[in-house]
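Trainee: I would like to go through this model and ask what stands behind each label. Can we start with a helix?

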Amino acid sequence: MTRIAEARKFYARLMAANAGSADPRLEDVFAAVPREAFLGPGPWTVAAGNGKVETPSADPVHIYQNVLVSLDAEKGINNGEPFLHAMWIGKVAPKPGEAVTHVGAGTGYYTALLAKLVSPGGAVTAFELDSSLAERARKNLEAYGNVTAIHGDAVVGGLPPSDIIYVNAGVAAPPAEWLKALKPGGRMVFPWRPAERIGLAVMVTRTDKGFACDPFMRSWFIPCIGASAASTKIHRDKAARSRKIWLTADKAPDRTATAVIGDVWFSSQSVGGRRSQ
């Protein structure tokens, strides 16, 4: 085993352990997909708190850690924290044959992981609004035959029917069309930014009784253009009690509302009818 392969294998084991997923394939795909292929030539700039550190060389061994690697320093865009993505991917639990939509694909690293997890038979549609990142993603993902990389606006254009919607840009609320795009049993994970100082990762599941939601951890992503107009009137504790999402067209907000944003509102009442305390 080469030095890089050994580093990648240990990195993959760390990712799987942190995710706590029951799917053994998660470790396999983290070991199989070369992260350096999606970052551009090294040395790389790594985020360290509020500062930045450059790797000592272009040796890929330096990026097989839980580090944020800069993709566009001027715009504040990075490759994402591997531990976080391992947890998110483990939580949405991609299965062979499923259709995934990736919003905010960057240069395609996590798109590639998702593509492997839905193989055989599944496919990933990856949206990236930034033209330069979208072009890099298209080239990086050419070897993945089940991926369609699109330079486009996922907020304006709508999404294809999806078993999984994987969102990597902060939204004040998921657009109604995203919720409608979820197939029965479909899952969406997204960074929720209902207010300037609130950042929560939310898992949504479409059930026969509506959209169940679970704010399961803190999370901060760059804003999603067109869907990130945050309020200042929402409190973190109240937002964290959200257990269901409604479309205002289907039901008017009631006393269980934890947040009302555009044509979507969040409720503290669970899908089964129980109210969160």
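Mentor: In α1, the buried residues are Ile4, Ala7, Arg8, Tyr11, Ala12, Met15, Ala16 and Ala19. They lie on the same side of α1, because they cover an arc of only 170 degrees around the axis. Keep in mind that this is a predicted model.

Trainee: What makes a residue of α1 exposed, and which residues on the other side are exposed?

Mentor: The cut-off for exposed is over 50% relative accessible area. Arg3, Glu6 and Ala17 are exposed on the other side of α1.

Trainee: Which helices do the buried residues of α1 pack against?

Mentor: They pack against α2, α3 and α4. Packing here rests on contact, with heavy atoms within 4.5 Å.

Trainee: How do you know that the span of α1 agrees with its number of residues?

Mentor: Helix α1 covers residues 3-19, which is 17 residues. At 1.5 Å a residue they should span 24 Å. The end C-alpha atoms of α1 are 24 Å apart, so the two values agree.

Trainee: What comes just after α1?

Mentor: Gly20 does, with a positive phi of about 65 degrees.

Trainee: What is the phi of Ala93, and why is it worth noting?

Mentor: Phi of Ala93 is near 50 degrees, a positive value in a residue other than glycine. Most residues other than glycine have a negative phi, so such a value is worth noting. Ala93 sits in the loop between α3 (82-92) and β5 (99-103).

Trainee: Why is Ala93 called partly exposed?

Mentor: Its relative accessible area is 31%. Buried needs under 20% and exposed needs over 50%. Ala93 is therefore partly exposed.

Trainee: Which peptide bonds are called cis, and what is omega in each?

Mentor: One joins Gly42 to Pro43, with omega near 0 degrees. Another joins Ser119 and Pro120, where omega is about -5 degrees. Most peptide bonds are trans. Pro43 is in the loop between α2 (25-32) and β1 (45-48). Pro120 is in the loop between α4 (109-117) and β6 (123-128).

Trainee: Now a strand. What makes β8 mostly covered?

Mentor: Strand β8 spans residues 162-167, and six of its six residues are buried. The cut-off for each is under 20% relative accessible area.

Trainee: How do you know that β5 and β8 pair?

Mentor: Pairing needs at least two bridges. Four bridges join β5 to β8, so the strands pair, and they run parallel. In one of these bridges, Val103 has Val167 of β8 as its partner.

Trainee: How many bridges link β8 to β9, and in which sense?

Mentor: Four, in the parallel sense. Strand β9 covers residues 182-195. Ile165 has Met188 of β9 as its bridge partner.

Trainee: What makes the unit of β8, α7 and β9 right-handed?

Mentor: Point the strands away from you and follow the path from the first strand over the helix to the second; clockwise means right-handed. The β-α-β unit of β8, helix α7 (residues 176-181) and β9 is right-handed.

Trainee: And the whole protein: how many helices and strands does it have?

Mentor: Eight helices and 14 strands. The radius of gyration is 19 Å, close to the 19 Å of the globule rule for 277 residues, so the protein is as compact as a globular protein of that length.

Trainee: What share of the 277 residues is buried?

Mentor: 49% count as buried.

Technical notes: Residues numbered from 1 in each chain as written. Predicted model: local features only at pLDDT ≥ 70, side-chain atom pairs only at ≥ 80, totals over all residues. Heavy atoms only, no water. Helix = DSSP H or I, 4+ residues; strand = E, 2+ residues; numbered from the N terminus. Buried < 20%, exposed > 50% of the residue type's maximum accessible area, 1.4 Å probe, protein only. Expected span 1.5 Å × (residues − 1). Arc of directions from axis to C-beta. Rg over C-alpha atoms; globule rule 2.2 N^0.38 Å.
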